[in-house]
Amino acid sequence: MEELAPHVSARARRRREEHPPITVGLESAVARLAGSIVDEAEVEAVREELQRVMGRIVRHRQHGADLVWEAYEVDIGGAG
């Protein structure tokens, strides 16, 4: 995409840079779930951690979709 839409290259790079922290967040939550959760407070902490990670994933997906749309509409010519 970056070759066809060079003005989005910095934003595309930022989207790629988001992958490792998202992966780490998911791995951390899975590791906590695989361990023994001893009380309600720990359940709540894991739930909050997963909500933060899911929020990052949702924002990442939306930013990626916006990026593709902009590249398609502006540089490739869109459907019309």
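Buried means under 20% relative accessible area, exposed over 50%, and partly exposed in between, with a 1.4 Å probe and protein chains only. Keep that scale at hand for the exercises below.

The model is predicted: local features need pLDDT of at least 70, side-chain atom pairs count only at pLDDT 80 or more, and totals for chains, interfaces and linings use all residues. Residues are numbered from 1 along each chain as its sequence is written, and side-chain values use heavy atoms, leaving out hydrogens and water.

**Exercise 1.** Classify Arg-15 as buried or exposed, and find its salt-bridge partner.

*Solution.* Start with the accessibility: Arg-15 has a relative value of 14%, so Arg-15 counts as buried. Next, look for a carboxyl group, since a salt bridge needs a side-chain nitrogen of Lys or Arg within 4 Å of a carboxyl oxygen of Asp or Glu. The side chain of Glu-18 provides it, with an N to O distance of 2.9 Å. This pair is one of five salt bridges in the structure.

**Exercise 2.** Work out the surroundings of Glu-49.

*Solution.* Second, list the contacts, meaning heavy atoms within 4.5 Å. Leaving aside neighbours within four places in sequence, Glu-49 touches Gly-25, Ser-28, Ala-29 and Arg-32. Third, take the salt bridge: the side chains of Arg-32 and Glu-49 meet at 2.6 Å, N to O. Arg-32 belongs to helix H2 and Glu-49 to helix H3, so this pair ties together parts 17 residues apart in sequence. Arg-32 itself is partly exposed, at 30% relative accessibility.

**Exercise 3.** Find the aromatic pair in the structure and describe its geometry.

*Solution.* Begin with the criteria: rings of Phe, Tyr and Trp (its six-membered ring) pair if their centres lie within 6.5 Å; planes under 30 degrees apart count as stacked, over 60 as edge-to-face and the rest as tilted. A search of the whole structure gives one pair. Trp-69 and Tyr-72 form this pair, which is tilted, with 6.5 Å centre to centre and 45° between the planes. Finally, compare with the accessibility scale: Trp-69 is exposed at 55%, whereas Tyr-72 is partly exposed at 34%.

Conventions:
Helices (H or I, at least four residues) and strands (E, at least two) are DSSP runs, numbered from the N terminus.
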